[in-house]
Amino acid sequence: MKYDPAVPRHGWTLAEVEALFELPFGELVFRAAQVHRRWFDPDEVQLSQLLSVKTGGCPENCGYCAQSQHFETGVAASKLMDARAVIAEAVRAKAGGAQRFCMGAAWRDLKDRDVPKVAEMIAGVKALGLETCATLGMLTEAQAQALKSAGLDYYNHNLDTGPDYYDQVVTTRTYQDRLETLASVRAAGISVCCGGIVGMGETRRDRAGLLHQLAILPDHPESLPINDLMPIGGTPLGGSPKVDGFEFVRMIAVARLVCPKAMVRIAAGRDHMSRELQALCFLAGANSIFVGARLLTTRNPGRDADDALIAELGLRAMSEPVAAETADA
């Protein structure tokens, strides 16, 4: 029986994922576009907005992050925002056309004392009719259950890179720690948002390693963000060279092929991408972007520029949030 490349599978080998990266560029994008059209309307793009609800002071040493207390980046630590202020930001995001609202806190892990405050934020945002997402560091299964009860649709917890390169990026949290958090999220019935970053000095094999890890999870992530590193002065990766645009598109295309039903999101880095590069990403299977002036602490294109690009490409914003459901259902 011939294998259907648009049907999710979990038996990928690292060699198979690497082979996708080696395909001629046009062939790779063509295959990814075909798979994209199997599961999604290629003319639709989901608009997401991300708010930092607690900035700076993180004890982790992720080499790309402006919010780590290990590095001098000029980002001051702040307290957790009041839920009313967060909900007010979500109201503005929805009025601006966002369908998805993400809340991020610079923590190593979620503390039990903060669960009620975060749950209040989630419930308030959910009541607006927005898709909810949170990224709060590591969490236990009990905490995940509490967030699910509050109305959380997605939990973001990125693997960052492939397992072989991981300790070159962060040493205060293990790869297994991240996988265990993903398992807690799944056990609570929350959809998974998990991806990584390119441009940290990793090889193509490391990028394939990241996507291989996502492809062999018991359930593929429903949301798969791909970040193009925004180098931050003062961090170990602050002087990293920019990744070639074609290589970034390859990452998008392979993500679409190995996790065909995921929302593939162009996350950080659009501020230094050309309009043409972003258009290629959409062609290769990306179907979500983050809007708003900032992504946590980094720049993002202005909304006028995004609206103009969407219009020129003949795309349209999704009018309703995508239902959070198991990717392989």
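**A chat about the chain and its core**

Q: How much of the chain counts as buried?
A: In this predicted model, 56% of the 329 residues of the chain count as buried.

Q: OK, what about the largest nonpolar core, how many residues has it?
A: That core has 93 residues, and those with the most contacts inside it are L147 and L211. Helix α8, which covers residues 245–258, gives the most to this core, with 9 residues.

Q: Which residues does L147 touch?
A: Leaving out residues up to four places away in sequence, L147 touches L110, V118, I122, L136, L139, L152, Y155 and I190. Apart from this core lies another one, of 7 residues, among them L50, C102, C133 and F290.

Q: Switching topic: how many aromatic pairs does a search of the whole structure find?
A: The search finds 2 aromatic pairs. In one of them, the ring centres of Y166 and Y175 are 5.2 Å apart and the planes are at 80°, so the pair is edge-to-face.

Q: Are Y166 and Y175 buried or exposed?
A: Both Y166 and Y175 are buried.

Q: Where does the charged end of R100 sit?
A: The charged end of R100 sits over the ring of Y154, at 4.7 Å from its centre, while R38 lies over the face of W39, 5.4 Å from the ring centre.

Definitions and conventions:
Residues numbered from 1 in each chain as written. Predicted model: local features only at pLDDT ≥ 70, side-chain atom pairs only at ≥ 80, totals over all residues. Heavy atoms only, no water. Core = buried A, V, L, I, M, F, W, Y, C linked by side-chain atoms within 4.5 Å. Buried < 20%, exposed > 50% of the residue type's maximum accessible area, 1.4 Å probe, protein only. Helix = DSSP H or I, 4+ residues; strand = E, 2+ residues; numbered from the N terminus. Contact = heavy atoms within 4.5 Å. Phe/Tyr/Trp six-rings, centres within 6.5 Å; stacked < 30°, edge-to-face > 60°. Lys NZ or Arg CZ within 6 Å of the ring centre and 35° of its normal.
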